Amino acid sequence: MKLRNDCDQIVRRAIAAVQPDAAVRRALEGNPFQGGRVVLVAVGKAAWSMARAACDCVGGRLDGGIIITKHGHAQGPIGSLLIREAGHPVPDQDTFSATEEALALTDGLTAEDTVLFLLSGGGSALFEAPLVPQEELQSITQSLLASGADIVEMNTIRKRLSAVKGGRFAQHCAPAKVFSIVLSDIIGDPLDMIASGPAYPDSSTCADARRIAEQYGLRLSPEASQCLERETPKVLDNVETLITGSVRELCAAASAACRELGYEPVLLTDSLDCEAREAGAFLAAVARAHQDTERSLAFLAGGETVVHLTGSGLGGRNQELALSAAAGIAGLEDTAVFSLGSDGTDGPTDAAGGFVDGGTKERLARQGVRIFEVLKNNDAYHALTACGGLLHTGATGTNVNDVAVLLIRR
């Protein structure tokens, strides 16, 4: 119970520390948007929070705008802004119609006008005007998600199938200026990959897209194949971009929370990029190596893992990471592992992640649940439900990757 209470406190404090409000306000200080119209377009899982902060700063200068966020992530009206919720991680009809509205709002602008573009993770699914049939785009997205492709590989493909990704939204807004504030959800903060870079020059090439399509065996129509051969913008003269937050801040906030609770924090990495099961097994190995410690320790790993779907169960990468660690820490006293997505959602579930301790494997075994079989079916959600191991935060209003934490209490 103590470890679970510590987990819940670390989660609350870390999420509170990476809310985008203050960062957006800092980015807008001293930027009065002289002359012309100002149109706000906020896209991503953190779009509502970012738009609220922007309105607090420059609401009187706005000439309309739209917020496009994930279903369930809007928290009420903000002035006269249009608020639309759409599908994630696969775009849906709500995505396409909301994007059409955003394009209409930013059509026909002049060089005196400004688009205040607030961008956060999830935008690749939430902001989309496909250059191929909608059904094919959805199928390609689902195939990439199931294949274990990382976010950079996925977005390299998605840019070329879209009229708004890969810098094309900024092209659409021209000659108006685009002032872009970005909340990063990708390791290393590659601006052309965050939400597939709607307002940033693209560093990927057609050759990259072809290689990825071949690597993952994508079945493309002739129309989609032609799209892969079309280069995206490499230069955009009408854009200014600021990054407001990243996984580094999430790890720092979680480390500070651990220290306040009496743990000595050790940051293993803020660039975690591997299979979720591998990450869970690694943290379990770290736990076993430090069982003779006389001090309370917390080992942290931030980043984004991937899941290779082999079954038809329900779960997410953070839940799978935690459950994978459960087998390795079985029987260890005062030891726990938890992992969560900072946006409050993990995969197509209502959970943010998962928590396991040294007794999780035994509790599941008593119910006839074998961790190996659960992982094979990618069904971590139901297993963690059975042992009280799900983490629920609801939509957090931010999105800066994931953090996994190993706690050893002494």
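Predicted model: local features only at pLDDT ≥ 70, side-chain atom pairs only at ≥ 80, totals over all residues.
In which sense does α1 pass α11, right-handed or left-handed?

Entry 1: The crossing of α1 past α11 came out right-handed. I then looked up which residues make the contact. From α1 they are Ile10, Arg13, Ala14 and Ala17; from α11 I noted Leu250, Ala253, Ala254, Ala257, Cys258 and Glu260. Sorting the residues of this contact by type gave me eight nonpolar, two charged and no polar.

Next I checked the geometry. α1 covers residues 2–17 and α11 covers residues 247–260. Their axes come within 8 Å and cross at roughly 140°.

**Entry 2: strand β4.** How many of the residues of β4 are buried? I went through residues 114–119 and found six of six buried, so to speak a mostly covered strand. Then I sorted the side chains by direction. Thr114, Leu116 and Leu118 point one way, while Val115, Phe117 and Leu119 point the other way, and all are buried.

**Entry 3: the partners of β4.** Which strands pair with β4? I found β1 (residues 38–43), parallel to β4 over six bridges. β5 (residues 177–183) also pairs with β4 in the parallel sense, over six bridges. I followed Leu119 into both pairings. Val43 stands opposite Leu119, and in β5 the bridge partner of Leu119 is Val182.

Note on methods
Residues numbered from 1 in each chain as written. Heavy atoms only, no water. Axes fitted to C-alpha atoms, helices over the stretch in contact; angles between N-to-C directions. Helix = DSSP H or I, 4+ residues; strand = E, 2+ residues; numbered from the N terminus. Left-handed = near helix turned anticlockwise from the far one by under 90°. Contact = heavy atoms within 4.5 Å. Nonpolar A, V, L, I, M, F, W, Y, C, P; charged D, E, K, R; others polar. Buried < 20%, exposed > 50% of the residue type's maximum accessible area, 1.4 Å probe, protein only. Pairing = 2+ DSSP bridges.
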